[in-house]
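Subject: Handing over the two-chain structure

Hi there,

Here is the structure I promised to pass on to you. Have a look at it first, and then read on for my notes on what turned up.

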Amino acid sequence: MIVADKKPIEEIIDYVKDHQSILVLGCNECVTVCEAGGKKEVGLLASALRMHFLQQGREVNIGERTLERQCDHEYLEEIRNNVDNYEAVVSLACGVGVQFTAEKYQNLPVYPGVNTLFMGANEMRGVWSERCQGCGQCLLAHSGGICPVSRCAKRILNGPCGGSTAGKCEISKELPCGWQLIIDRLKALGRMDDYEKISPIKNWSTERAGGPRKVVREDLKL
Amino acid sequence: MRLPYQSSIKIIRIPCTGKVDALHIMRSFEKGADGVYLVGCREGDCHFNQGNFRAKARVEHLQKLLDKLGIGGQRLQMYNLSSSDGPMFARYAEEMHQRILEAGPSPVRLALQKVKKRQSAKEQAVGAVL
């Protein structure tokens, strides 16, 4: 899922300080699971904003709404009839949702309420870590199911660098060396022969380096 | 024991402090509460193992948020005691009461009172015109 983290309240207050009516718009998908932008976080932010403006002696209308997704036209259409009641939207969706909402409602300022971080997994309650960088050319078949692009700090493709010590990466003693994980996994699978194979130079044009990407599925288009 | 504690304190019974959501606490302050405190079981004694630790983490997180909002994190506290410890319950109630006396009324409550006054003045003005 896409993992996001809440923005500091003072940053959000600074975005919306000049508005008289604000819609706090949540998303029921990834940001709900990582507890950054679901219905509950919408309630918390709306409550915090109300208390802030009350103390300033201002009666600002703060609305709350959480959509099933903010990255789909059909769900964003649900607010079309009442979005005009607001001067601005604080979207607690990931960056995709914020942008899609802004594209859909051109005359309305849309502010981000979270910092979108990465595609990751929920390791344990309250801990999420990166697992995929969306490089557009998946290598997991050859690396024992552990990604050298997202798990190695240098994104190198043919074994660990000289900074790998006792299974940890040189950038942090807390961070496992991605290549150590791959080697351990290949050993466990009895596939160390795969480790000996040299990966060809990766085509990075399928990654972000090739500019904004798009998937078009002719079989699905209407 | 019939131990006295301040009548300004309203008790809301819950099965476990782990049930208290951050939103419940925020809504209390939004409605004008001067302070909120959770009284959970002693650490390590939770019937649900983690309930009072979860409550503690939420309280610590919200204290920072309340500080940032200018309401004051000290208005929110977490206490732990054994369910049969009446004297301690009364002592914590007194401690919290003193804490709130020192902090004064919640700025949100004062703001809400001002809004109400403005609204009733408006209503009276409309009534006078009619």
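Two strands are taken as paired if DSSP finds at least two bridges between them. With that in mind, strand β8 (residues 168–169) and strand β9 (residues 172–176) of chain A pair in the antiparallel sense over 2 bridges. One of the residues involved is A:Cys169, whose bridge partner in β9(A) is A:Ser172. Together β8(A) and β9(A) make a hairpin, with 2 residues between them. Before going further, please keep in mind that this is a predicted model.

**The sheets of chain A**

Let me start with the open sheet of 4 strands in chain A, where the order is β3-β2-β4-β5 and the pairing is parallel. Its edge strands are β3 (61–67) and β5 (110–112) of chain A, each of which pairs on one side only. From one strand to the next, the twist averages 25 degrees. Within this sheet, strand β2 (residues 21–27) of chain A pairs with β3(A) in the parallel sense over 7 bridges.

Helix α3 (residues 39–55) of chain A touches β2, β3 and β4 (88–91) of chain A, and its direction makes about 175 degrees with that of β3(A). Helix α5 (residues 95–104) of chain A also packs on the sheet, touching β2, β4 and β5 of chain A. The direction of α5(A) makes about 175 degrees with that of β5(A).

Chain A has another open sheet, in which 3 strands run in the order β1-β6-β7 with antiparallel pairing. Here the edge strands are β1 (2–6) and β7 (127–132) of chain A, each pairing on one side only. The twist in this sheet averages 70 degrees from one strand to the next. Strand β1(A) and strand β6 (residues 114–124) of chain A are joined in the antiparallel sense over 5 bridges. A:Val3 finds its bridge partner in β6(A) at A:Phe118.

**Where the chains meet**

Now for the interface. On the chain B side, 21 residues are in contact with 19 residues of chain A. The two chains bury about 1,600 Å² between them, and carbon and sulfur atoms give 61% of that area. I also looked at polar contacts between chain B and chain A, and the count is 5 residue pairs, both residues being at pLDDT 80 or more.

Which elements of chain B give two or more residues to the side that touches chain A? They are α1 (22–30), α2 (51–68) and α4 (107–129) of chain B. The most comes from α4(B), which gives 7 residues. Sorted by class, the chain B side has 12 nonpolar, 3 polar and 6 charged residues.

**Salt bridges**

The rule finds 5 salt bridges across the interface of chain B and chain A, and the count over all chains comes to 26. A:Glu10 lies in helix α1 (residues 9–16) of chain A and B:Lys68 in helix α2 of chain B, so this pair joins two chains.

Best wishes

Note on methods:
Residues numbered from 1 in each chain as written. Chains lettered and ligands numbered in written order. Predicted model: local features only at pLDDT ≥ 70, side-chain atom pairs only at ≥ 80, totals over all residues. Heavy atoms only, no water. Contact = heavy atoms within 4.5 Å. Buried area = accessible area lost by both parts, 1.4 Å probe. Salt bridge = Lys/Arg side-chain N within 4 Å of Asp/Glu carboxyl O. Polar contact = N/O pair within 3.5 Å; in protein donor to acceptor, adjacent residues only side chain to side chain. Nonpolar A, V, L, I, M, F, W, Y, C, P; charged D, E, K, R; others polar. Axes fitted to C-alpha atoms, helices over the stretch in contact; angles between N-to-C directions.
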